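Below is a briefing on one predicted model. It is grouped by topic for reading beside the coordinates.

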Amino acid sequence: MAETSTTWLTEDAYNRLKAELDHLTGPGRSEIAQRIEEARSEGDLKENGGYHAAREEQGKQEARIVQLTQLLRNAHVGQTPPDDGIVEPGMVVTAVVAGEPEKFLLGSREGARDIDIDVFSENSPMGASILGKKAGDSVTYTAPNGATIDVEIKDVKPFQG
């Protein structure tokens, strides 16, 4: 059985993703169905590039619908976390990871699209190891490849997206 995880989203991110899902399942499906039908009416489907492209786009669209449906079904919607310096979803963490300085958002890439910052899930090995920690704390976690990685948290601030 597949493990489902909760994804932290701000209300704005939830609303944006819900609007995308509503478009894809409504007008988006109608538009792609119309393009497929128009291409189909052009004749021989074996050599009809427009038909095959529209079908491929339809497949990608349906996959995105499934992805968004699951994401929104398992979303925890809330306000930006308080500026209390504690690592939790929705916080931007500045840390030294394996000796290298890094700055990243702990949360979901979907909740922070179109931003120029790395995003790590709170369910990832590193994310899980730093949850609840604060600036000045150091932790060690085991990466999927078996390596032991040290993390020193330098700063924790709420994401301002």
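Ile86 is partly exposed, with a relative accessible area of 34%; buried means under 20% relative accessible area, exposed over 50%, and partly exposed in between, with a 1.4 Å probe and protein chains only. The residue lies in the loop between β2 (75-78) and β3. Helices (H or I, at least four residues) and strands (E, at least two) are DSSP runs, numbered from the N terminus.

The model is predicted, so local features need pLDDT of at least 70 and side-chain atom pairs count only at pLDDT 80 or more, while totals for chains, interfaces and linings use all residues. Residues are numbered from 1 along each chain as its sequence is written, and side-chain values use heavy atoms, with hydrogens and water left out.

**Surroundings of Ile86**
- Not counting residues up to four places away in sequence, Ile86 touches Met91, Gly132, Lys133 and Val156; contact means heavy atoms within 4.5 Å.
- Ile86 and Pro158 are 72 residues apart along the chain, and their C-alpha atoms are separated by 9.4 Å.

**Confidence**
- The protein chain has an average pLDDT of 85, and 90% of its residues score at least 70; pLDDT is the predictor's confidence in each residue, from 0 to 100.
- Among the elements of the chain, β6 has the highest mean pLDDT (95) and strand β1 (residues 7-10) the lowest (72).

**The sheet**
- Five strands form an open sheet in the order β5-β4-β3-β7-β6, with mixed pairing; two strands pair if DSSP finds at least two bridges between them.
- β5 and β6 (138-142) are the edge strands, each pairing on one side only.
- From one strand to the next the twist averages 45°, where axes are lines fitted to C-alpha atoms (for helices over the stretch in contact) and angles run from 0 to 180 degrees between N-to-C directions.
- Seven bridges join strand β3 (residues 91-97) to strand β7 (residues 148-158) in the antiparallel sense, and Val96 has Glu152 of β7 as its bridge partner.
- β6 and β7 are also antiparallel, over five bridges, with Ser138 opposite Glu152 in β7.
- The hairpin of β6 and β7 has five residues between the strands, and Gly146 there takes a positive phi near 95°.
- In a regular strand the side chains alternate between the two faces of the sheet.

**Nonpolar cores**
- A nonpolar core is a set of buried Ala, Val, Leu, Ile, Met, Phe, Trp, Tyr and Cys residues joined through side-chain atoms within 4.5 Å.
- The largest core has 16 residues, of which Val87, Val93, Ile130, Val151 and Ile153 touch the most other members.
- At least two residues of this core come from each of β3, β4, α3 (125-130), β6 and β7.
- A second, separate core has nine residues, including Leu9, Leu17, Leu68 and Leu72.
- Leaving aside neighbours within four places in sequence, Val93 contacts Val87, Glu102, Lys103, Phe104, Ile130, Ile153 and Asp155.

**Aromatic pair**
- Rings of Phe, Tyr and Trp (its six-membered ring) pair if their centres lie within 6.5 Å; planes under 30 degrees apart count as stacked, over 60 as edge-to-face and the rest as tilted.
- By this rule there is one aromatic pair.
- Phe104 and Phe120 form this edge-to-face pair, at 4.9 Å centre to centre and 90° between the planes.
- The pair links distant parts of the chain, with Phe104 in strand β4 (residues 100-106) and Phe120 in strand β5 (residues 118-120), 16 residues apart.
- Phe104 is buried at a relative accessible area of 0%, whereas Phe120 is partly exposed at 25%.
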